[in-house]
Amino acid sequence: MFEVLLLIAGLVGGALNSLAGGGSFIVFPALLAVGVPPVIANASNTYAALPGYASGAVGYWHAITKHKDRLALYSIISVIFGWVGAELLLVVSDEQFSLVVPWLMLFAVLLFAFGNRLNAFVAAHSGGRRGMKLAGTVLLLVFLAGVCVYGGFFNAGLGILLLAFLATAGMSDIHAMNGLKLWISTLVALVAVVRFALNGSIDWYHGSIALVGVTVGGYLAARNAHRVPTGVIRAAVIVYGVFMTGYFFWGAYA
């Protein structure tokens with residue numbers, strides 16, 4: 001029964017990731033619902049999301065390679081600070097993480113709901129990278145480092161934060177931005193999964209069931225995306241995310 005629930009959650013979460021984003025709002029609570037402890041559930045959710053990031057990055061590889069000048073530095077920062085985020089997760093207890101989760105969920109839901117406006121605002125008020133002074137460039141890289149720490153610690157909302165960073169960095173080509181977003185997400189998730197695995201913090205059985213669902217659901221949704229009204233999907237994800245956030249607040253603080 002638990003296996004069926006996780007598989008369905010993975011299918012739905014993978015489909016949402018392809019259509020509008022927000023798959024972690026489905027998969028992470030499902031892992032908790034089947035009895036996986038909070039920290040391990042979060043680590044297992046990152047593991048389940050990894051193949052989707054990687055396959056997406058491969059699909060955008062042609063667009064990514066147009067920005068080779070950024071790729072090496074962004075990759076190094078992603079690996080280092082994604083690992084730092086994973087380390088932070090491993091030093092908190094399940095009880096402490098349970099208290100943090102509602103706030104992380106709230107932050108992720110707000111990012112999901114208003115991320116497009118945030119990215120548009122950032123793009124409109126940021127100059128190109130060439131015009132930045134040294135201090136501005138350093139601040140930009142600190143922004144990326146902070147986003148990667150967040151991604152290593154808690155996966156939901158990472159893509160929106162990365163798009164905001166890339167807009168701040170002066171990028172406007174949405175295909176290249178999506179490609180770099182997925183590349184950075186892949187590296188952050190990969191190093192986090194390696195760190196979680198070394199610590200024995202991944203539930204491989206339940207996480208793998210979710211992974212299969214996420215991968216299949218993402219593929220099927222991508223093939224049929226033209227048939228689904230994205231606006232309706234986004235609205236449903238927001239409503240569900242608000243409900244789950246309220247549920248986590250009630251469970252943690254009631």
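Modeller: A salt bridge here is a side-chain nitrogen of Lys or Arg within 4 Å of a carboxyl oxygen of Asp or Glu. The model is predicted: local features need pLDDT of at least 70 and side-chain atom pairs pLDDT 80 or more, while totals for chains, interfaces and linings use all residues. Residues are numbered from 1 along each chain as its sequence is written, and side-chain values use heavy atoms, with hydrogens and water left out.

Colleague: What makes E87 and R195 a salt bridge?

Modeller: Their side chains meet at 2.6 Å, N to O, and the cut-off is 4 Å, so the pair qualifies. E87 belongs to helix α5 (residues 68-90) and R195 to helix α9, 108 residues apart. Helices are DSSP runs of H or I with at least four residues, numbered from the N terminus. The structure holds one salt bridge.

Colleague: Why is R195 called buried, and why is E87 called partly exposed?

Modeller: Buried means under 20% relative accessible area, exposed over 50%, and partly exposed in between, with a 1.4 Å probe and protein chains only. R195 has 15%, so R195 is buried. E87 has 28%, which falls in between, so E87 is partly exposed.

Colleague: How do you know that the span of α9 is close to the expected one?

Modeller: The expected span is 1.5 Å times one less than the number of residues. Helix α9 (residues 174-198) has 25 residues; 36 Å is expected, and its first and last C-alpha are 36 Å apart. Of those 25 residues, 18 are buried, and α9 is mostly covered.

Colleague: What caps the N-terminal end of α9, and what follows the helix?

Modeller: D173 is the cap, with a side-chain oxygen 3.0 Å from the backbone nitrogen of H175. After α9 comes G200, with a positive phi near 70°.

Colleague: What makes L11 a contact of G217?

Modeller: Contact means heavy atoms within 4.5 Å. Leaving aside neighbours within four places in sequence, G217 is in contact with L11, G14 and A15. G217 lies in helix α10 and, at 5% relative accessibility, is buried.

How values were computed:
Helices (H or I, at least four residues) and strands (E, at least two) are DSSP runs, numbered from the N terminus. A polar contact is a pair of N or O atoms within 3.5 Å; within protein, one must be able to donate a hydrogen and the other to accept it, and residues adjacent in sequence count only if both atoms are side-chain atoms.
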